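Visitor: I am new to this structure and would like to learn how to read its features one at a time. Could you take me through them slowly?

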Amino acid sequence: MASTSGIVLCGGQSSRMGRAKAWLPWAGRPILCHVVERLSVAVDEVWVVAAPDQSLPEVAAPVIADRKGGLGPLAGIREGLLHARGELAFVTATDAPYLTDAFVRAVLGAGRAAAPVLGGFVHPLSAAYPSAAADEAERLLAAGRRRPLDLLEQLDYAALSSDDLPDADSVRGFNTPEAYLSAVRAEADAPPVTLELTGRARARVGESGIEVAAGRLRDVLAVLGDRLDVVEGDRVARPYAISLEGRTFLRDLEVPIGPGEHVIVLDASVGG
């Protein structure tokens with residue numbers, strides 16, 4: 001079989017999710033790390049394509065940045081194909097929790113551009129692309145065409161049915177908090193979220209390190225009940241601020257908080 005590469009795209013806006021998908025916990029680690037590991041079993045090398053200046057978890061693969069952000073997944077595919085050393089590359093999005101090496105090998109086994117067509121839908125982010133197609137991707141982008149499907153069609157791709165593929169759930173991802181949390185809740189032995197309180201907030205509640213099930217930030221904070229008025233309508237109430245893992249601040253109460261994550265309630269009141 002020809003040499004193969006894997007390309008993981010993680011530079012999307014994640015606007016419906018409300019937070020970067022690459023950091024979402026899955027199987028005890030950020031999902032980007034999970035997907036890279038799954039993919040690396042099936043290919044000779046893996047590349048991660050990120051948006052310019054995007055923060056990512058530490059991952060066992062080189063990370064390259066789109067030379068210009070905001071051009072969509074086709075630009076990420078182009079960037080990955082330019083770096084790929086394999087003759088054929090399997091492309092996946094970062095939110096591919098059910099990806100298996102058997103599925104990847106089956107798609108690459110077509111030996112050419114190929115994509116699953118399941119339920120009447122083409123899945124261009126679970127597909128194989130020749131590395132030599134980077135120039136064609138560049139031409140499409142220059143013409144204002146940003147769909148990965150445009151590239152597949154230019155390459156006269158092989159359409160793969162469920163009969164051609166094992167583990168068809170490999171194409172499943174999650175674009176919304178509901179989809180992610182539903183998938184998480186179906187997993188066995190998911191660790192709880194830890195809610196840490198600081199300053200006067202801790203003194204008022206009388207405890208910290210509170211454990212709660214994964215859910216939206218609003219649901220996680222609801223465990224405090226009437227003991228602490230952290231939520232006011234659709235926002236975090238003053239003088240509080242909410243940090244996720246000490247890495248980023250959260251303002252959207254609808255973002256999902258995954259298993260094992262650490263939410264910190266910071267009290268900025270005087271003397272807190």
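Predicted model: local features only at pLDDT ≥ 70, side-chain atom pairs only at ≥ 80, totals over all residues.

Visitor: What kinds of residues make up the lining of the largest pocket, and which elements supply at least two residues of it?

Guide: The lining divides into 16 nonpolar, 17 polar and 4 charged residues. Among the elements that each supply at least two of the lining residues are α2, which spans 73–83, and β6, which spans 88–93.

Visitor: Since α2 has come up, how many of its residues are buried?

Guide: Helix α2 is mostly covered, with 8 of its 11 residues buried. The buried residues of α2 include L74, A75, I77 and L81, and also the charged residues R78 and E79.

Visitor: Charged residues bring me to salt bridges: how many does the structure hold, and which residue does E79 meet in one?

Guide: Side chains of opposite charge can pair when their charged atoms come close. This structure holds 18 salt bridges, and in one of them the side chains of E79 and R67 meet at 3.2 Å, N to O. That pair links distant parts of the chain, since E79 lies in helix α2 and R67 in the loop between β5 and α2, 12 residues apart. E79 counts as buried because its relative accessibility is 6%, under the 20% limit. Salt bridges that share partners also join R67, R78, E79 and E138 into one network.

Visitor: With which residues does D150 form salt bridges, and is D150 buried or exposed?

Guide: The side chain of D150 meets that of R145 at 3.7 Å, N to O, and D150 also forms a salt bridge with R147, where the closest N and O atoms are 2.7 Å apart. D150 counts as buried at 6% relative accessibility, whereas R145 is partly exposed at 33% and R147 is partly exposed at 45%.

Visitor: Turning to the rings, how many aromatic pairs are there, and why is the pair of W26 and Y98 given its class?

Guide: The count comes to 4 aromatic pairs. The ring centres of W26 and Y98 are 5.8 Å apart and their planes stand at 85 degrees, so this pair is edge-to-face. W26 lies in strand β2 and Y98 in the loop between β6 and α3, so the pair ties together parts that are 72 residues apart in sequence. W26 counts as buried, at 5% relative accessibility, and ring pairs link W26, Y98, F174 and Y180 into a cluster.

Visitor: What geometry do F90 and F103 have as an aromatic pair?

Guide: F90 and F103 form an edge-to-face pair, with 6.2 Å from centre to centre and 90 degrees between the planes. F90 lies in strand β6 and F103 in helix α3, so their pair ties together parts that are 13 residues apart in sequence. F90 is buried at 0% relative accessibility, and F103 is buried with a relative accessible area of 0%.

Visitor: Which charged residue sits over the ring of W23?

Guide: The charged end of R247 sits over the ring of W23, at 3.8 Å from the centre of that ring.

Technical notes:
Residues numbered from 1 in each chain as written. Heavy atoms only, no water. Helix = DSSP H or I, 4+ residues; strand = E, 2+ residues; numbered from the N terminus. Phe/Tyr/Trp six-rings, centres within 6.5 Å; stacked < 30°, edge-to-face > 60°. Buried < 20%, exposed > 50% of the residue type's maximum accessible area, 1.4 Å probe, protein only. Lys NZ or Arg CZ within 6 Å of the ring centre and 35° of its normal. Salt bridge = Lys/Arg side-chain N within 4 Å of Asp/Glu carboxyl O.
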